[in-house]
Amino acid sequence: GFFMNNNAKLTGLAHIGIFTADVDKSVAFYESLGFHKDAESIPGPRLVFMSLGTCLLELIQPTNPAELDRRTPDGWIGHICIECTHIDDVVADFKARGIVPQDAQVGYSEKILGGIKNIFFDGPSGESIELFDYMK
């Protein structure tokens, strides 16, 4: 790993922050995907941490709605990616729940990470979410 000094080092992903205008709607959406609500911080901006396996999301509802517009084309995360198995079954389940994928069908690449299947869909705050199924 990358060592900064002495015993200090970077060890991995801590969480992914997603701004939302309606944190309750986002919590319900991610719970419907199997995430669990771990913690909530109030007063001030509402911060909710949700986890699924090793994936940790921080849902952020600012006190000032204008903060939702502070993203710039090069200043925000392009997407989050959630690992899954049996991606075709997951996509069928999403469609049955009314969660429409961005793509007409699941993509496939043998050249990425030993082979993957993937597809993108939109979260409730416009965040782009990718599903990733490792083939190996």
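Is Glu 40 buried, partly exposed or exposed? Select it in this predicted model. Glu 40 has a relative accessibility of 33%, which counts as partly exposed.

**Stop 1**

**Stop 2: Asp 24 and Arg 46.** Now select Asp 24 and Arg 46. Their side chains form a salt bridge, with 3.0 Å from N to O. Asp 24 sits in helix H1 (residues 23-32) and Arg 46 in strand E5 (residues 46-52), so this pair ties together parts that are 22 residues apart in sequence. Check the accessibility of each partner. Asp 24 has a relative accessible area of 46% and is partly exposed. Arg 46 is partly exposed at 22%. The cut-off for buried is under 20%, so Arg 46 at 22% does not count as buried.

**Stop 3: the network.** Keep both pairs on screen. Asp 24, Lys 37, Glu 40 and Arg 46 are linked in a network of salt bridges.

**Stop 4: Arg 97 and Asp 93.** Move on to Arg 97 and select Asp 93 with it. The two form a salt bridge, and their closest N and O atoms are 2.8 Å apart. Arg 97 is partly exposed, with 42% relative accessibility. Asp 93 is partly exposed as well, with a relative accessible area of 33%.

**Last look.** How many salt bridges does the structure hold? The count is five.

Definitions and conventions: Residues numbered from 1 in each chain as written. Predicted model: local features only at pLDDT ≥ 70, side-chain atom pairs only at ≥ 80, totals over all residues. Heavy atoms only, no water. Salt bridge = Lys/Arg side-chain N within 4 Å of Asp/Glu carboxyl O. Helix = DSSP H or I, 4+ residues; strand = E, 2+ residues; numbered from the N terminus. Buried < 20%, exposed > 50% of the residue type's maximum accessible area, 1.4 Å probe, protein only.
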